[in-house]
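Here is a short briefing on a protein model. Keep the structure open as you read.

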Amino acid sequence: MEQLPLFKSAKAFSGDSLRYSSVRGLLLHLLTLGLIPAVIIGFIKGHVGSILINSAGFGLYCLSAMLLRKGLAAENPNRQHRLQAPSRWPFKLLAALLVAVTTGLLAFFSAHQAIEVAVIYALGALLGMYLSYGFDQRQTVKLADAQGYSGEEIRQTLAAAFETIKTIEQANRKILNRELNQRLNTICGIAEGVIAELEADPRGIRRARKFLNIYLDSVQQVVEGYAKTHIQAAPAELEQNFKTALDTIESAFQEQRQKLLE
Amino acid sequence: MSRFFRKLLGFILLASTVGLVTCQSMVKAEVDAEISQMMRDQ
């Protein structure tokens, strides 16, 4: 058995971490850096108006950048995201409008431009945001009705199953044992395969509901329980029991997938 | 319009509006402060 050393700070790579550390949307932060010296000058010279206007502008730009990055993160085109219901808030549109309003207000109040020029600045910023980042694409996968279930019910079931798989993968990252990690990855791969097949052809949904609702939840509980115990110190017997459970789960998942293919 | 040119145009527009307005704000902050100082001195 191959045991990994216990480096508490080391984390397994996941696509999620890459998604959140993306540089997209940082341009706004860069472009607004000029407001910081403007606020500092206001402080040095004791000009209250300049301090208030420029710090408010900087705050609004930062808020826009946060909204924009949230909107960009929600656009991840993986299958789980396509199955999820779109966000209630159009983050990218809100960010673009906020940038436009802030630019117009700063042009008028801080840069002392005429109102017409300030409006042109605002429209230019809005167009720039649209061309650079686009607006929100609020669309999900449309699934056909099957076996007495509506397409929306099937989509919700598959999205919930994907959420459970994600939780299992998170728990798997806490388990510092390469062999167990690989076996759990295989199990998650089979489950994702079942979901992909149901997405392509939802006629097997009635047969697969038990698998998606009960089996996956049970696996989640078992894996999360083991991940917690494993951090403290897992006795060899517990590890063996877990391996046996993984064997059973893997064969049950394979069987389920085979039934769907028939 | 290709994706690249669209992004480039978006970048130019953002840089020339948001970037310019922040730079102007910085310059005006300096000028305004000097005008206020002159008025106080008078």
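**One residue between two chains**

Start with Leu14(B). Leaving aside residues up to four places away in sequence, Leu14(B) touches Leu27(A), Leu31(A), Ala125(A), Gly128(A), Met129(A) and Ser132(A). Keep in mind that this is a predicted model.

**Nonpolar cores**

- Leu14(B) also belongs to the largest nonpolar core, which has 33 residues.
- Leu14(B) is among those with the most contacts inside this core, together with Leu28(A), Leu68(A), Ala95(A), Val99(A), Ala125(A) and Met129(A).
- Chain A supplies at least two residues of this core from each of helix 2, helix 3, helix 4, helix 6 and helix 7. Helix 1 (3–41) of chain B also supplies at least two.

**Where the chains meet**

- In total, 29 residues of chain A are in contact with 25 residues of chain B.
- On the chain A side, two or more residues come from each of helix 2 (27–31), helix 3 (35–45), helix 4 (48–73), helix 6 (91–110) and helix 7 (115–133).
- Helix 7 of chain A gives the largest share of that side, eight residues.
- By type, the chain A side divides into 15 nonpolar, 13 polar and one charged.

**Chain A as a whole**

- Chain A has eleven helices and zero strands.
- Of the 262 residues in chain A, 32% are buried.
- Take the contacts in chain A with a separation of 6 or more: residues 24 or more positions apart account for 72% of them.

**Helix 6 of chain A**

- The buried residues of helix 6 of chain A include Phe91(A), Lys92(A), Ala95(A), Val99(A) and Ser110(A).
- After helix 6 of chain A comes His112(A), with a positive phi near 55°.

**Helices 8 and 9 of chain A**

- The axes of helix 8 (residues 151–174) and helix 9 (residues 178–200) of chain A come within 10 Å and cross at roughly 170°.
- Angles over 145 degrees count as roughly antiparallel, so helix 8 of chain A is roughly antiparallel to helix 9 of chain A.
- Helix 8 of chain A makes this contact through residues including Leu158(A), Phe162(A) and Ile165(A). Helix 9 of chain A uses residues including Leu184(A), Cys188(A) and Ile195(A).
- The residues of this contact divide into ten nonpolar, two polar and three charged.

Notes
Residues numbered from 1 in each chain as written. Chains lettered and ligands numbered in written order. Predicted model: local features only at pLDDT ≥ 70, side-chain atom pairs only at ≥ 80, totals over all residues. Contact = placed C-beta atoms within 7 Å. Helix = DSSP H or I, 4+ residues; strand = E, 2+ residues; numbered from the N terminus. Nonpolar A, V, L, I, M, F, W, Y, C, P; charged D, E, K, R; others polar. Buried ≥ 20, exposed ≤ 12 C-beta atoms within 10 Å, placed from the backbone. Axes fitted to C-alpha atoms, helices over the stretch in contact; angles between N-to-C directions. Parallel < 35°, antiparallel > 145°, perpendicular 65-115°, else oblique. Core = buried A, V, L, I, M, F, W, Y, C linked by C-beta atoms within 7 Å.
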